[in-house]
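Student: I have a model open and want to learn how to read its packing. Where do we begin?

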Amino acid sequence: MKRTKIKDALNAIAPMEEIIIKGWVRSKRDSKGFSFLSLNDGSCLSTIQAIVDHTPEIEEALTRVGTGASVAISGELVESPGKGQKWEVRGKALEVIGEADQETFPLQKKRHSDEFLRTIAHLRPRTNKYSAMFRMRSALAQAVHKFFSEKEFFYVHTPIITGSDCEGAGEMFRVTSLEAGSQLPPEEDFFGKPSQLTVSGQLSAEMFALSLGDVYTFGPTFRAENSNTPRHVAEFWMIEPEIAFADLSDDMDLGEEMIKYLITHMLDNCAEDVELFAQWVDKGLMPTLETILKEPFKRLPYTEAIDILQKTKKEFEYPVEWGMDLQTEHERYLCEEQFKKPVYVYDYPKTIKPFYMRMNDDNKTVAAMDCLVPRIGELIGGSQREERMDVLLARMDEMGLDKEDYWWYLDSRKYGTAPHAGFGMGFERMLMLVTGVSNIRDVMPFPRTPKSLDF
């Protein structure tokens, strides 16, 4: 007989004379003549209660059942006389599939700190909070693909190993087949030239936007940045659409539509899990999400943003001046205190942005935008791309880039160039937004950070 998932058992519309459930024991309570077992199998947040009589066979099995053990219970699904659950299982047979050593099993029926749970990341999905988190992560990833599919975007798989630095920051992980300590030149390496793990699929996605129209890439990206902030990890996932025949305004429209779509999807499809985070992690989660959904995003030129920040009486750790890149404290002030909703800041100084962003007529700023959201700061960073060959070449000269490394990228401006735009959304930051979780390490299955490569 095939097992019934606990989610389906709890949603049953009628009793079942025969049922098999399998899962992990969250708690066991013994009474005279019978025992109560609370089981969860990961299919939903809720547990199901199973009652088993102390027959000789079951009593022997119960001696090997503790918190964390995996079991199979067969019996019937009946109405529960207790409060809070419609159904329970009246067990007739109990099989212990995998015992859990009660002397060392680290998860007990109490609240554990996030810091402790990071040290046992392989077991934390067994907790309510993290089982909910990773169900939501799965649902959010599927919603990303659903959004773009409905808008008839094409999904492009861009390279993870690359020979170019999209961001120009140089903080990339090297990929090599040479032995450690080798003095051989890059020409002797696997690719015959220096190679790294990608920081962005954007440059490759642009090539497809200039042939297929509207495309997106969604995959892992890497930064060799020795940063230990709650917003940074060495390996993370990026959602990067590119749209042809589009300008910066179109880019911002797409980002706003996408954020609202993803939030709506999560509220509609993960209500039970979202409620856990609204109750236990961030009491302001639901009002924040509701404001994002009902309010149009504010659009604010960078120069005006600087002016607002300089005039406020709030003291910042980083002094505000024109030409600087906004820090998280500035971003959060704008969207949490000044406007109390998401804010697009656009037209940034060219000196703090990469070479591929379109130069504005003032020759000082580029058509770049960041979408700032409460609690997190930057969620999206994007731009209209520079489609004019002469301007692009001049920008590359300004930044000291070797044009030979980008010969294929320049070909796209040589053969049928067209206006286009795109952005990158940090997938984990989007997950932080819909859960209220404040540390990126807690929305990732196995976070990769400096000096940490466990699991």
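Tutor: We will go through helices, cores and aromatic rings in turn. Keep in mind that this is a predicted model.

Student: Which residues of helix H12 are buried?

Tutor: H12 spans residues 407-414, and its buried residues are Tyr-409, Leu-410, Ser-412 and Arg-413. They sit on the same side of H12, because they cover an arc of only 145° around the axis. On the other side of H12, Trp-407 and Lys-414 are exposed.

Student: What covers the buried residues of H12?

Tutor: The cover includes helix H5 (202-212), helix H11 (389-398) and strand S15 (420-426). Look just after H12 too: Gly-416 has a positive phi of about 75°.

Student: Now H5. Which of its residues are buried, and what do they pack against?

Tutor: Gln-202, Leu-203, Ala-205, Glu-206, Met-207 and Ala-209 are the buried ones. They pack against strand S9 (214-222), strand S10 (235-244), H12 and S15. Just after H5, Gly-213 also takes a positive phi, about 100°.

Student: How do I read a nonpolar core?

Tutor: Start from the general idea: in soluble globular proteins, nonpolar side chains tend to be buried together. Here, the largest nonpolar core has 65 residues. Those touching the most other members are Met-258, Ile-259, Leu-262, Met-425, Met-430 and Leu-433. Helix H4 (residues 128-150) gives the largest share of this core, 11 residues. A second, separate core has 30 residues, including Ile-306, Ala-368, Leu-372 and Leu-410.

Student: Which residues does Ile-259 contact, leaving aside neighbours within four places in sequence?

Tutor: Its contacts are Ile-292, Phe-297, Cys-371, Leu-379, Ile-380, Met-425, Met-430 and Leu-433.

Student: And aromatic pairs? How many are there?

Tutor: The count is 19 aromatic pairs. Take Phe-34 and Phe-36: their ring centres are 5.4 Å apart and their planes stand at 85°, so the pair is edge-to-face. Phe-34 is partly exposed at 29% relative accessible area. Phe-36, at 17% relative accessibility, counts as buried, because the cut-off is under 20%.

Student: Where does a lysine lie over a ring face?

Tutor: Lys-353 lies over the face of Tyr-348, 4.3 Å from the ring centre. Lys-364 lies over the face of Trp-322, at 4.9 Å from the ring centre.

How values were computed. Residues numbered from 1 in each chain as written. Predicted model: local features only at pLDDT ≥ 70, side-chain atom pairs only at ≥ 80, totals over all residues. Heavy atoms only, no water. Buried < 20%, exposed > 50% of the residue type's maximum accessible area, 1.4 Å probe, protein only. Helix = DSSP H or I, 4+ residues; strand = E, 2+ residues; numbered from the N terminus. Arc of directions from axis to C-beta. Contact = heavy atoms within 4.5 Å. Core = buried A, V, L, I, M, F, W, Y, C linked by side-chain atoms within 4.5 Å. Phe/Tyr/Trp six-rings, centres within 6.5 Å; stacked < 30°, edge-to-face > 60°. Lys NZ or Arg CZ within 6 Å of the ring centre and 35° of its normal.
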